[in-house]
Amino acid sequence: MGSTPSPEPVPAEPKTSRPALTFAYFGEFASHPGLLIGGELPLAESGGHRLFAGANVGTYWHQRHSVGAFAGAELGYRHTFNFGLRAELLAGAGYLRTFLAAPVYAPDANGTMTEVQDGGRSALMPSTAFGLGWHFDRARNGPLAAFARVQLFWQYPYNNAALIHPALQVGLNWHFGG
Amino acid sequence: MRSHRILILAFSLLSACGGISAEGDYYFVRSGEADLPVWVRGNVESGTFLVFLHGGPGYSAMGNPGALAFNELEKRYAVVYWDQRASGSSQGNVDPSTLTMEQFVEDTDRVLETLALRYSPRAVFLVGHSWGGALGTAYLLDPARQAKVRGWVEIDGSHDVVEGYRLSRERMLEYIDARLAEGVEEPWRKARDFYEATDRLSTDNILTHTSYVGMAGGYSYRNEVANERSPDELIFASPSNTLAWGHNEVATPMQFDFYGLSFTRDMERLTLPSLVMWGRHDGILPVGLAQQAYEALGTPGDLKRLVIFEESAHSPQDDEPTRFATELSSFIDQHR
């Protein structure tokens with residue numbers, strides 16, 4: 001009399017939506033470089049589809065023009081294919097402060113020009129991005145993924161309008177747990 | 001504030017390690033909500049400073065460094081390139097209500113005062129191109145301000161926008177009729193309707209007019225402007241923000257109604273040494289304005305000069321750069 005064979009173990013579905021840290025090059029493409037550090041939390045997950053929230057801080061430098069420092073939050077949707085490729089869309093909003101990247105002169109109370117400290121100018125920073133990436137060792141739920149994102153962000157106000165900036169992010173996600 | 005200085009220092013060190021840098025001094029002049037970039041290049045030791053007033057309004061001076069004419073001038077003098085409010089790569093959040101001639105004049109004065117603070121120049125010349133011709137004229141109408149400047153150079157300038165448009169419209173109608181006679185209907189039939197219906201420039205029609213003038217070749221005669229700045233400097237060390245420049249170039253002329261300006265009758269108050277330079281084929285501010293400007297100036301005859309560039313349109317500094325630099329240097333050497 002044969003015994004009923006025990007069912008094959010079902011492989012655990014790879015999870016990439018664990019909390020993650022983000023480290024990235026952030027720049028107005030290659031010409032105005034900077035850095036971005038952030039994190040993301042999973043909000044919902046189904047199969048390879050994930051919705052996540054992120055927060056980040058960063059800076060970029062446009063020589064002889066400005067230094068931008070920003071902090072923001074974003075919502076993202078990511079689809080990760082079984083073989084590791086992932087594609088994502090993000091939208092967010094943040095605070096941008098820009099500082100002039102050279103000495104600044106302004107009139108004093110008597111109208112005489114004098115060198116002054118620049119305290120910077122504030123702006124809202126809405127953004128949207130599209131990215132492609134690769135989840136290394138996805139079958140065993142590895143912690144590391146690499147990504148590249150093309151981002152558009154806006155600086156508002158700029159001369160009573162919103163000034164668009166193209167940006168590039170290239171970096172790594174490190175997913176905790178597993 | 002200290003933290004942003006540390007950031008700038010760190011980025012500057014990175015840049016220096018990469019060997020990418022741009023020559024000259026760079027600083028900003030803050031005027032209300034406008035941060036005006038100023039780039040001083042060339043022979044500062046000469047003590048002679050040429051302050052360039054760019055066109056537009058809304059355009060930029062930052063594309064000029066590296067161009068042949070300016071390279072030649074920088075060997076002999078310091079050349080001061082700066083972007084006006086709501087123009088080029090200037091920064092800040094300028095309210096459209098501050099786009100007035102009075103405010104542009106005040107900004108110019110702040111740029112000159114800062115120049116005096118930093119360099120104590122022996123001689124300052126104002127060099128106004130296109131809209132810069134109107135701005136320089138307005139600046140110099142005040143005797144106290146005129147006293148700060150050794151000489152005035154107007155290049156295809158808009159000291160009289162009303163007359164400039166009248167001449168430009170006349171020229172365009174001649175050009176359009178010639179095209180229509182050749183059987184070229186598009187876009188000239190529509191253009192003729194536009195000019196028949198438009199006897200005065202305004203914020204509503206300026207872009208259409210400049211577009212037709214461009215199609216008729218009224219801006220550039222040779223169309224071979226060369227810039228000798230290295231590609232790595234242009235890409236990695238340029239102070240320009242191309243998207244801001246594009247935004248300002250379109251938005252500012254539509255927010256600033258300067259189209260009724262006419263300084264011709266006031267120009268007798270300008271008595272300083274003056275040079276009027278004009279391209280024969282200028283389509284936006286035709287050469288007829290040059291003779292009018294020359295005659296309207298209050299400058300004594302032996303201190304003013306009129307030079308027409310036979311192979312130039314709106315920008316002789318681009319179309320005939322070598323002759324441009326020679327003529328300008330000759331004038332400056334005579335009066336500095």
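Visitor: Why is the pairing of Lys148(B) with Glu113(B) called a salt bridge?

Guide: The closest N and O atoms of Lys148(B) and Glu113(B) are 2.8 Å apart. The term requires a side-chain nitrogen of Lys or Arg within 4 Å of a carboxyl oxygen of Asp or Glu, so the pair qualifies. Lys148(B) lies in the loop between helix H5 (143-146) and strand E7 (151-155) of chain B, and Glu113(B) lies in helix H3 (residues 101-119), so parts 35 residues apart in sequence are tied together. Helices (H or I, at least four residues) and strands (E, at least two) are DSSP runs, numbered from the N terminus.

This is a predicted model, in which local features need pLDDT of at least 70 and side-chain atom pairs count only at pLDDT 80 or more, while totals for chains, interfaces and linings use all residues. Residues are numbered from 1 along each chain as its sequence is written, chains are lettered from A and ligands numbered from 1 in the order in which they are written, and side-chain values use heavy atoms, with hydrogens and water left out.

Visitor: What makes Lys148(B) partly exposed?

Guide: Its relative accessible area is 33%. Buried means under 20% and exposed over 50%, with partly exposed in between (1.4 Å probe, protein chains only); Lys148(B) therefore falls in the middle class. Glu113(B), at 32%, is partly exposed as well.

Visitor: How do you know that Asp333(B) and Arg76(B) link distant parts of the chain?

Guide: Their side chains meet in a salt bridge (2.2 Å, N to O). Asp333(B) belongs to helix H13 (residues 321-335) and Arg76(B) to helix H2 (residues 68-76), 257 residues apart.

Visitor: Which residues of chains A and B form a salt bridge with each other?

Guide: There are 3 salt bridges between the two chains. One of them joins Arg121(A) to Glu33(B), with the closest N and O atoms 2.9 Å apart.

Visitor: What is the area buried between chain A and chain B?

Guide: About 3,800 Å² is buried, of which carbon and sulfur atoms give 56%. Buried area is the accessible area (1.4 Å probe) that two parts lose on being put together, summed over both. The contact (heavy atoms within 4.5 Å) takes 38 residues from chain A and 48 residues from chain B.

Visitor: What is the mean pLDDT of chain A?

Guide: The mean is 90, and 90% of the residues of chain A reach 70 or more. As pLDDT is the predictor's confidence in each residue, from 0 to 100, these values describe confidence in chain A.
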